[in-house]
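Dear colleague,

Please find below the sequence and structure that I am handing over to you. My findings follow directly after it.

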Amino acid sequence: MIADSITQEIIRGKLLATADEMGIVISRCSMSPVIYEVLDFACGVCDPKGQLIVQTNGITLFTGTFALQVQSIIRRFGDDISPGDVFMTNDPFDGGTHTCDIALIKPIFIDSKLESFAIAVAHWSEVGGAVAGSISPSATEIYQEGIRFPGIRVCRNDEVQPDIIELIRENTRLPTMCIGDFNAELAAVRIAETRVTEIFTKYGKETVRKTFNYILESSDKLSRQAIRDLPDGIYSAKDFIDGDGVSNDQFPVCVEVRIKGDEIAFDFTGSSPQRNGPINCAFGALSAAVKTVFKALVDPQGPSNEGWFRPITIICPEGTIFTAKKPAPTGWYYEGSAQASELVWRALAELAPDQLSAGSYMSLCAAYIFGKDPDTDEMFVHIEPAVGGWGAQSDSDGTGALIATTDGDTYNYSVELFEAKFPLRITEYSLNVNDGVGAGYWRGGFGAIREFEILINDAHTYCSFGRSIEKPWGLKGGKEGTNNYMEIIRSGILKRVSRISHQELSKGDKLRVVTGGGGGFGSPLERPISLVHEDFLNGYISNEVAKSDFGVVIDENGKVDDIETTRLREGQ
Amino acid sequence: MGRMAADIGGTFTDVVAFDEISGELITEKSLTTPKDLTDGVKDAINLAGITPQSITFFVHGGTTVINAITERKGVKTALVTTKGFRDILEIARGNRPDLYNLRFRKPTPFVPRKLRFEVSERIDSNGKIIEPLCMSDLDLVISQCKQEKIEAIAIVFLHSYSSPYHEEQCSKYIIEHLPDVAVTASHEITREWREYERANTAVLNAYVQPIVQDYFNALETSLNSKGFNCPMHAMQSNGGSTSFEWARSHPITLVESGPSAGVNGAALVGKLCEESNVIYLDIGGTTAKCSVIQGGKVTVTTDYKLEWSRLNPGYPVKIPVVDIVEIGTGGGSIAWFDKVGSLKVGPLSAGADPGPACYGMGGIEPTVTDAKLIAGVLDPNYFAGGRIKLDLNKAEQAMNKIAKGLGVDILSAAESIIRLADADMINALKLVSIQRGHDPRDFVLVVGGGGGAMHAATLGRELGVKEIIVPRYPGYFSAWGMLATEPRKDFVLTRLRQIDNISVNEIKEIFSDLEDSAKDYFSDDKDINIGDVKFETSIDLRYQGQEHWVGISVDYSRDSLDSIKKNFHIAHERAFTFSLKSTLIEIVNYHLIATAPVPRPSSNSIKGGFDESQSFKGKRKVSFGEDGVHECHVLDRECLNPGFTMEGPLLVEEKSATTIIHPKQILNVDSLGYLHIS
């Protein structure tokens, strides 16, 4: 006799393998670097009510977003859902994120009964709208952010509706890429249907249904256990969003986290009203932001499903920067949702130093470069998130040149691949040691500098960098980190920017994407002298910084002056 | 005599030799002798009664390279790179695979920042020089390396896959000025693009090179002094072997020699059984590894990453390595309950010390091996041929906590563990087969390693393979695979071109250049006749805009661009369910595999002539999982006649393994003594 729970574990393993396989299919088939290098996609399997059962993520932005999207399809189509259907949605106001994130949803029927949904979502490089790449930093309405598919049927009887393909082709600037990505997602949900059907056939409907429930229940239990381990209380944090794309003002945001027993509430009341610029999030994105940090807190490695998030309540009145209403633009929503994650992180960091580090560079610092390649006469669009410095940890320095929280297993673009593909050259890719990091017993990780040289006459850029005024926060006496910015060097004139909607570029101009260093942890004057010296020898810090930030005096031979150091450290 | 292979592991040195006159395979084990590793080899051959002079070809396998890396025991290494890019090694790819871990740490680079030097130079993606190599920068680097007492230097310049000119120039100059320093220029190891991956590869090669050079020098001298005068080869990671000479300067290519030997052995088993499609499974103490052989060919990729896991980006090494999926489930894997009481198996393992509870060496945690003992699959008195007595009581004591946790009896608890372990292995097997577009019904499952045989029948049935094959001596399978190896060198060259802008003639020229390099490579080996060298050619293609490619084999003397395109569409459709007929196609990489055929040991027929009383050892009560508990026959593998056939439930025992055959499965013994289960 085999215990039921063993069969359920085995089925869980097969479902996870299914989600993984979907992910492999998408990243291998996709035409967009933002999908195959950045891994800006997620795949999952839901139960017939839309509850997430298994999910594989390349990035954290889609943490737990699937349920809202599948439920929007159930609401819209009700009984009119048949085997062989596939639905498509990218509506931020119906569980989505921004128009570029296109979800394909396939109902899975066993013996003509709806038993499950497969869903894949991926960031397409282009969906039309005001600018190439569809994310205009100065958009004031969602209509400028490309075509919206409000939950439409794209396949019937497993046949793709040709009209839909034509609609995509005629409304996007890079139709081949878009249709390629559509195919990649379609292949993923089809594979899921095959695998889920195999599982139902092998183990029987009752057993698989019970397993869905078991998966949700067991995560719910773990989650509550972890919350109970945290002291009851109210924890809060405040921050500012540096500009919304249209205005460069700072907008206040805040959270109050209330822990009681095995439940936790996140209340964002008091955060800025929704903005004219595209920094807004809709509720789906806010909830993913909260779930990301919550997951880090309770069980970072456990596979994601709806069960984990049952003890969570998210409170935020409608119409704020985190709960924007139609037709607010949401193109750069991930800059807003990163701030929501950071708020929760900051509020809880002191409580859970073993799970959370000090503040990081936070913003994806995405820069777009586009133009026409004179060799092929074709348009190109380069989008790349930048790596930056992370905050120090309770027992180690922060990690340098690492992708922001909102992304995940996201790769930077290889310089060699990049130069073979675009009429641009990368002239430097280094750690940003000039601006430094937050000092501390443990120091923050370093940001990065990526310098591009433009090799053609017709090129353009736009970007949206956060944390350009506010700095990454330190923890337990650690110092603040440093800011993110872009430098444009055009005809010998240097201009520093953070969110711009358009800048013309021509041959010989340079762009420098500069990201900040993370915040420190603990007092820098207590940092072991040997570590400060090692940082100096490695060229991470100058002798001036060693002295001013860490109280360590290094002589002209590069040796530590013990007497001066003791005097300086004791004096402070 | 004839060929001999020595697999020098951490604990044991396995020696396998093939006697060409009698046709017999000789196997022996001795303890590894860390002071002079050849002592262990010598011990083993003494035990086996072989004289060194009778060996005509020697193949070496061992863990020197991988140990030096994982234990961080390499030499003080510097990196010389293009100005503006010295931090590439530390920035790496910037990814966080452990995405919800907000205290993520990157793998530490093998060269610290102060030893990463920049020089002015620049070549573009087409191989054109944008800025010449600055010699005065180089002089400065050389003096710093002297001051720092650097022992090895890796050189990595951007786009050296396209033109290695500056790397060559730089390497020559450094060798002139620092003759005692080991120098690795990245293009000597790989001609593929991606600067971080190439840098890491070159750095790791440099890091271990002086150590491995000393090792092979000592090994060769010692073997010579002991009377070995035959050609000596080292097992590489690509399923082939190379000369000691090449291994000394390209040590990183040896990093996965053990697993690659096993896969190579599986390919030979397939060949002997006339099965060209093989799924290979090796179950050891802490992990299980699997790999696919298609059309008789071992799958080799250059996407290998050291110390990689789902949560750790690891260290990419762009060398040809047999494509292996490894999971943390093996015979020693421990069963445990997670926080909510779900039963899990592995990845924690009892290893060899203390080992499973039933070894009686102090282990108290229940393992897969304990479960197999309780299920009756293992005979407590005939484990490792009776050398290790298994303690059933200890196994049951350990299993008790699982039984209690599940609320079942001890046998059910053991069955649960076996099922979970099997499920993990099935997922890994599916990953290498179904998820890569292969249909298991076209494949046979070949098992190796100590644990493979007792899981094979269950796994093969669920996977739906046409047959399961248990070769002879599964416990020596890796060393046997080395014995069967051929000298081999893989060449991979990145040259991005749209297929419509290239002619078959140009493809042919690229391959002839690679063939010339291959001939050059083999010309140093006096035991190889260049005329015998065989070539296999393939190219990696993708739809324009895609990043990942699909490889197809090409025959440039017969293929046309149209046939290449057609084959690519088919291959893409098979792998990813669709093709894009109207999308432009790009060629990314050219692959050439060059092998030098050497006489391989033919496997000889078993003698047979046993009568039934010898074949049947007795009867035992065994749990066959879903198929229930049966009182079944136990057969002695050493005494089975060719042509023997019988329906399960059955057990077949030999010294190094136990094979199970489920009810309704049929066992056939072929003339080579291989067990076939279908």
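The domain bounds used in this message come from an automatic or database domain assignment. Please note also that the model is a predicted one.

In chain A, that assignment gives domain 1 (4-221), domain 2 (357-527) and domain 3 (529-571). The C-alpha centres of domain 2 and domain 3 of chain A are 28 Å apart. Between these two domains of chain A, seven residues of domain 2 are in contact with ten residues of domain 3. The side of domain 2 of chain A that touches domain 3 of chain A comprises five nonpolar residues, one polar residue and one charged residue.

I turn next to a sheet in chain B. Its four strands form an open sheet in the order S6-S5-S9-S10, and the pairing is parallel. Strand S6 (116-119) and strand S10 (182-185) of chain B each have a single partner strand, so one side of each has no neighbour in the sheet. On average, and with direction ignored, neighbouring strands of this sheet are turned by 20° against each other. Strand S9 (residues 152-156) of chain B pairs with S10(B) in the parallel sense over four bridges; B:Ala152 stands opposite B:Ala182 of S10(B).

Two helices of chain B pack on this sheet. Helix H4 (residues 135-148) of chain B touches strand S5 (77-82), S6 and S9 of chain B, and its direction makes about 160° with that of S6(B). Helix H5 (residues 165-177) of chain B touches S5, S9 and S10 of chain B, and its direction makes about 175° with that of S10(B).

Another pair of helices deserves a separate paragraph. How do helix H11 (residues 392-406) and helix H12 (residues 410-432) of chain B pack, and at what angle? Their axes lie 8 Å apart and the angle is about 90°. Angles of 65 to 115 degrees count as roughly perpendicular, and H11(B) and H12(B) therefore fall under that description. Among the residues that make this contact are B:Met399 and B:Leu406 of H11(B) and B:Ile410 and B:Ile417 of H12(B). By class, the contact of H11(B) with H12(B) has eight nonpolar residues, two polar and one charged.

Finally, the two chains touch each other, with 59 residues from chain B and 73 residues from chain A taking part. On the side of chain B, helix H3 (88-91), helix H7 (195-225) and H12 each supply at least two residues. H12(B) gives the most, with nine residues. The side of chain B that touches chain A divides into 23 nonpolar, 16 polar and 20 charged residues.

Yours sincerely

Methods
Residues are numbered from 1 along each chain as its sequence is written. Chains are lettered from A and ligands numbered from 1 in the order in which they are written. This is a predicted model: local features need pLDDT of at least 70, side-chain atom pairs count only at pLDDT 80 or more; totals for chains, interfaces and linings use all residues. Axes are lines fitted to C-alpha atoms, for helices over the stretch in contact, and angles run from 0 to 180 degrees between N-to-C directions. Angles under 35 degrees count as roughly parallel, over 145 as roughly antiparallel, 65 to 115 as roughly perpendicular and the rest as oblique. Ala, Val, Leu, Ile, Met, Phe, Trp, Tyr, Cys and Pro count as nonpolar, Asp, Glu, Lys and Arg as charged, and the others, Gly among them, as polar. Two strands pair if DSSP finds at least two bridges between them.
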